[in-house]
Amino acid sequence: MITGARLGTLTGFRRLIASAMSHDLNVFLVPGPDIARAQGLDIESSGLQPVASPRHANVLLVMGPVTPALQEATAVIYAQMVRPRSLFVLGAQDLSSLPAADVEAELSQQGLIEGVNRLRRVFSESAFRPSISDFDVPILQIRIEYTCSMHPEIVQDEPGSCPRCGMFLIPREVQSMAEHRHMNHQKINTDAEIPVTFTHNHGDHQHDASMEYTCPMHPDVVQNEPGSCPRCGMNLEPRESQTESDHDHHHMDHADQGNMNMDHDDMGFMSMIDVTKDLPRSEDGLPMEWIDAPFGPFFPGLPGGLLLLLTLDGDAVARSETHCLSENTELVQSPSMEPPNFIERLTCVNPLSPIAYRLLACRALEHAAGIDISAETARARIGALERERIASHLGWLALFAQQTGFDWLMRRAASLQLKFLTAEFQQIKVLKPSVLALIKRLQQTPLLKSRTANIGQLMADIVSYGPVARAAGIDNDARNDDKICVALGFTAVKQIRNDVLARLQVRLDEITHTLMLIEAADAVVVPVSNTVGKISSSGEARVETPRGMAHLQLTLENGQVMTAQLDAPSTYHLNLINPMIDQQELGDALMAVNSLDLSPWEVLQ
Amino acid sequence: MTTVFILISLVFGAYLVAVIEDWALTGRFRLTAPVFSALALLGRESVLPRKLDRVFFEVAPVLLLLSAVLAVAVVPLSPDLIITDLATGALFINAALVYVLVALLMAGWGPDGAYAMIGGWRFLGQLIAYAMLIVMPLTAVVMRAESMLTTEIVVSQAGLWNIVYQPVGFVLFFIAAMALAFLPPFDLPTSKGDLAGGVEAEYSGVRLAVFRLGRLVLIITLAAATVIFYLGGWQGPWLPPWAWSAIKILVVTAVMLLGGRMLPRIREAHLLSWCWIFGIPLALLNIFLVGVLVLVFP
């Protein structure tokens, strides 16, 4: 039976519908299609059809790592699905905020296919049930709070009147979840760039010489001391009386005229101009309704686990906040770890590029222990690292294509990625022509250049790594310092345009170049650990992951890993988002974010 | 009788379009998939979003379906197979399809959700881009036929189909028709990758089924309009007229559905500027050329 069944007895017609449902399984993926592919899952060939909105899904597929914050988001997604709905979990997971999984299977393509078959059976048998239970978790509950329309900083839990102006407070709904998120997670914010008058704490400025007091309804009433308005008796509000407000007025010519008219009329009611005059204005000066919309953490065109909270002015981004709900916390599980366990731990840190992190751990341990590896092993490791780079770039292409609705590319890149993930050296040679054909086809695709050029441009003085940096002409590739890599013929691929098109070009050129490197390396072997003796030392290593240079420092005591510090490229790239998408159209903004190829998993708290 | 026949063929056509679209999307040709999808949608709950505008939310899918079905009324599948041969037929198709915009705006506004609302706005912008490119090529077609009767327009192409007679007009109309049917690469209002489904995102169950049916019928309507205006309607050798209509409509539909998956979604700003900077001058040029042709070879 399924816990998300729809109310009703399974009679003739419903039986037919239930069996139709079992053939039409629309799946919403958690944490996302990128993670599914990186784990080698081919969702569509298993018979599940991925959909973009939870409202259109009847299967929630949870696979791969789910942090506590992601679990809450998953519960919200599950609640948004309409009945009959089912929960399908791959791999052992702790999902306390969700009902018991309807079907569980192991995390592999085999498990997926077998699970889908069971899911079909379950659907045709129990899509409708005579009695159902509600799904209710605390994070879904909605709280009502009360606020003043003139003074947004006044917020209280109970109805009443505003202590400033005496107006009735207006109820508004807040999700308890949003609050929760803000408390727990790293927040990157650039609110400061936009003057938001209502966030000033007026209380701190009470005795400031530059403060003056005015009535919110009668702006011509201005005095230097607090008090009440001689016209309407409302409490006067403090405001700053310097040139800054003049500056605002240049942007608000219309509002000014409106104010003047109103003063002469001496109207006693609230006008839109008054209500909106203190609200932030967009750069084009056209006042539109601002809406707050979350994009993520399971948004179809963004990496799974990344949450963008955008304030949209029409369809342009006015403000943005970025959260990573998939953060790992401790690299070394206390108090210390055996080196082989540490390597496994680091392999799991970033599901989007496990081999690069594995190599990072191996190299750091070897550096600490002073172990030298043979040139042959080093070459084979480079082969594995570069194979992962191709798979990762193809995965990025698939996500990019999904976001831009480029259906053919999405399918082609995704199927090639799945093949490259586990391809042996000989298979890579076989796959080479189809990858090159894909790249050639892409370079001839109409609309692609015009769609991506001049979007997502970054400042010149940014800190960036990997393809993002190389698309801006910065060459800080860790492979430049790797003698074996250079001997294999490595040169960094560069572009200077520094936009989405350049990042796309760099990744395509890297795929071509990397295929050559793998052929030169002549082997592909996933790195394994050498035994580290009972030593006490410290070591470090750098690896050029598909997203850029990652740096690991660790200390060993008695052959045990005590501390480890990881410096990953996505941590820096997160900071690029806000300035990059400011005032961009929504589609352009999301494409720009996507072009950074962020991995929220490697961002450590 | 004609009405019933055309409505039945419309439902069957919608089914075939769904099969073609499924094929374009998944690469598999499955005759049963649309049937399963439709039945499954009927069996699912159709939830109402909180804080919705009930009237807009409920009316939008029905209005989309209705406006597409209305336009079919003037589509002749053969000389006799037409619901009503209006004297203003060519104009009527355009008039009926204006409500597509209204339906999408209502669907965007209704659920009070950010994704849907932005989708609705996007389509409003899209209208400004494609609207002139529907009407202006139509003008040239009507000039040649010297009539707005859709049957007359088909007959006027007996010697030479309009796709050859006025190829510029055909290209413009075809692109505009795809934009009107919000097919990829013009699927800005229902974009999955950057709006999680846009105006469709909040619909579920029966309402979603109606919305999707409306979209399928809209695609057929526009394909049928393309066939009547540019591909000689029912005309063709050997086969009966209705068969030619059906074949041509399906071929146009397949081209519309398959073409978009080879391209990335267009930027709204580009769509607007290209339509106005290149599209409208070309459409004027087309009218001028057709005018000269009509005068020189009457």
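## Salt bridges overall

A salt bridge here is a side-chain nitrogen of Lys or Arg within 4 Å of a carboxyl oxygen of Asp or Glu. By that rule, the count over all chains of this predicted model comes to 29 salt bridges. One of them joins the side chains of A:D482 and A:R363, at 3.5 Å from N to O. A:D482 sits in the loop between α15 (466-470) and α16 (483-487) of chain A, and A:R363 in helix α10 (residues 354-369) of chain A, so the pair ties together parts that are 119 residues apart in sequence. Helices (H or I, at least four residues) and strands (E, at least two) are DSSP runs, numbered from the N terminus.

## What counts

Residues are numbered from 1 along each chain as its sequence is written, and chains are lettered from A and ligands numbered from 1 in the order in which they are written. Since the model is predicted, local features need pLDDT of at least 70 and side-chain atom pairs count only at pLDDT 80 or more, while totals for chains, interfaces and linings use all residues; side-chain values use heavy atoms, with hydrogens and water left out.

## Where A meets B

Chain A puts 53 residues into the contact and chain B puts in 44 residues, with contact meaning heavy atoms within 4.5 Å. Together the two chains bury about 4,300 Å², 60% of it on carbon and sulfur atoms; buried area is the accessible area (1.4 Å probe) that two parts lose on being put together, summed over both. On the chain A side, A:R55, A:H56 and A:L447 lose the most area to chain B, together 15% of what that side buries.

Five salt bridges run between chain A and chain B. The side chains of B:R44 and A:D24 also meet in a salt bridge, at 3.8 Å from N to O. Elements that give two or more residues to the side of chain A that touches chain B include α1 (12-22), α11 (375-404) and α12 (407-421) of chain A.

## A parallel sheet in chain A

Chain A has an open sheet of five strands in the order β3-β2-β4-β5-β6, with parallel pairing; two strands pair if DSSP finds at least two bridges between them. At the edges are β3 (49-50) and β6 (103-105) of chain A, each pairing on one side only.

Strand β4 (residues 59-63) of chain A is joined to strand β5 (residues 86-90) of chain A by five bridges. A:L60 has A:L87 in β5(A) as its bridge partner.
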